[in-house]
Amino acid sequence: MKNRFLLFTLIVLSLVCLFAISISAEAVYVNHNGEQVSADSEDIAYEIELEKAFEKNGNCKMKYIYLHDETVTKIVIPAIELTHSNGTVYKMAEYDYVRLSTGWDGTLSVYTLADKDTKSNSLHSQMTELEFHVPVLGDGAGQKGNLAGWTSLEKISYFSRAYEPQNKGGYLYNCVSLREIHFYGENNMLSGNFFPSNSITGGLVVFHEDATGTIRECAMQALNGKDWTVYLNTKMQPKTADDPRLTWNKSGNSLKFILLVNDDSVYTEEQIASYETFWQAGNNKNANNAKYSMSIQSYCDYYGEHVSMEALSTCVSKCLSCGEIAIPKNPVHNESVTIVYDDFAANGTKTTKCLNENCPLNTEPKVENAEPLFIFKGYSTDGKEICVGYVINVNAIDEYKALNPEKSFKYGIVASANNNNPIDVTANTINVDLTNEKYTALDFKLTGDWSKEASASAKLSMNIYTSVADGEGAKVSYVYGYTDGDTIISASYDVADQITYKDLNSQAE
């Protein structure tokens, strides 16, 4: 008998232990980036108290939030993962849904860590943003609900399933500051409980590209008559096919609908402006109810950028949503650059082309000016010497030579009196090769009596010359004034006296 009693006692104790384990609370810690961290982390913004944390079928409850940092105004419920004592990892993002607060009539409360035991002052009314990365049941009725009284809440985002098959109201009661509601998750089941019934002004509801699920009859009546814009997608469907009502009636035009699509190019301009959908407004189920017409907008236009890019090469991507070919922010082009000069004293043409197929820079190369290699400053004389000045653009010369390795480029100065012969004629000619020098400016002077009376008719050639050689021979040009040519052009004292010398702060002579 004693043995039986002892055995019974052990069984009872075992059951009590199992029961205690099943209802025990689990704590989840979250850092300031909204990420789940361990209890010994140096960065904990708040912790979440869970009840029945390992029950996947709707019994798990998120009861309280405790602030380690009292300045927090944004609560992120991450994709929580818990390890059971038996070693099994539970991923809450895969649960049917998680309940909030202590029950349908309780507000999810937020306490400071110091107020954890007494729970005397909830700070939920200071929260401005809320993100769920686990499926949640938004419960409530009348004027009571799981987020009732979150008066500063401006934005809610559901990155996982949003679930509420009824339409009892209360879930967002008195969330008077709520302006944005975003749905990203799959398998949503929505009623009007997910939309504020007493918002003071309007806002926006957005069903993002991957949001799927159903909308129960007249779920958006709570937004009707107010300045709300609802961005629907093509994946959300009515809960029952014969009742595609979004509202009971249309209250003017204050509730606007826009249909988000991947590619709007398949629609006509008329459809983009006003597209008749199957969604209705009506007091009762009726196939003849008024249908909602919506303007159409692509997701790329809504976000202001392409939403799903696939790399085709190092510099070209294709948007999987709209099909557009685009260059990403930091492309690595397979570039081919050419520079062509018709005149070394004038701007050349620099053309940059990408050799990758489909790159816009392939079919429409970038064309820009290349700086002149030489800039003429002018002549001057004081009667004893005559001077001509040039700026030598060393960087532009180096770039030109690097992009034309098959050409031998040389330059220098040439001077002659009463002689228009090329540089290979030595009589009355001075020729200095500057190709391997790095002078950035040149003042070239000839001394003598340059008075009008003594040498008004003297013909002087004071030029920079260039020689470009390839397999077909060398071409020699002479820079005179603001242009160059194939022959030396002479200047007299009269010309020098009339051309104003431009002091460009030459760096070398």
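# A guided tour of the predicted chain

The chain averages a pLDDT of 86, and 84% of the residues score at least 70. The structure on the screen is a predicted model, and the tour therefore begins with confidence: where pLDDT is low, the predicted coordinates should not be read in detail.

Stop 1: Please select residues 5-22, where the pLDDT is below 50. Beyond near neighbours in sequence, this stretch has two contacts in the model. Next, select residues 495-509, over which pLDDT also stays under 50. For residues 495-509, the model has 34 contacts beyond four places in sequence.

**Stop 2: the whole chain.** The chain contains seven helices and 39 strands. Of its 509 residues, 44% count as buried. Among contacts in the chain with a separation of 6 or more, 65% are between residues 24 or more positions apart.

**Stop 3: strand S37 and serine 467.** Select residues 460-470, which form strand S37, and within this strand pick out serine 467. Is serine 467 buried or exposed? Its relative accessibility is 14%, so serine 467 counts as buried, the cut-off for buried being under 20%. Now display the residues that serine 467 touches, leaving aside those up to four places away in sequence: Ser408, Phe409, Lys410, Ala474, Lys475 and Val476.

**Stop 4: the cysteines.** A disulfide is a covalent bond between the sulfur atoms of two cysteines. How many disulfides does the count give? The count comes to zero disulfides. Select cysteine 300 together with cysteine 319: the sulfur of cysteine 319 is the nearest cysteine sulfur to cysteine 300, at 3.5 Å. Because a disulfide requires sulfur atoms within 2.5 Å, cysteine 300 is in no disulfide. Cysteine 300 counts as buried, since its relative accessibility is 7%. Then move to cysteine 175, which has 0% relative accessibility and so also counts as buried.

**Stop 5: the second largest pocket.** Rolling a probe the size of a water molecule over the atoms shows where empty space is left. To find the second largest pocket, select Asn167, Gly169, Gly192, Ser197 and Ala222, which are the closest to its centre of the 18 residues that line this pocket. About 200 Å³ of space lies in the second largest pocket. Which classes of residue form its lining? The lining has nine nonpolar, eight polar and one charged residues.

Technical notes. Residues are numbered from 1 along each chain as its sequence is written. This is a predicted model: local features need pLDDT of at least 70, side-chain atom pairs count only at pLDDT 80 or more; totals for chains, interfaces and linings use all residues. Side-chain values use heavy atoms; hydrogens and water are left out. Buried means under 20% relative accessible area, exposed over 50%, partly exposed in between (1.4 Å probe, protein chains only). pLDDT is the predictor's confidence in each residue, from 0 to 100. Contact means heavy atoms within 4.5 Å. On a 1 Å grid over the protein atoms alone, a cavity is a set of points where a 1.4 Å probe fits but cannot get out, and a pocket is an open set with protein on both sides within 12 Å along at least five of seven lines; lining residues have an atom within 4 Å of a point. Grid points are joined across faces, edges and corners, and a volume is the space filled by probe spheres set on the points. Ala, Val, Leu, Ile, Met, Phe, Trp, Tyr, Cys and Pro count as nonpolar, Asp, Glu, Lys and Arg as charged, and the others, Gly among them, as polar. Helices (H or I, at least four residues) and strands (E, at least two) are DSSP runs, numbered from the N terminus.
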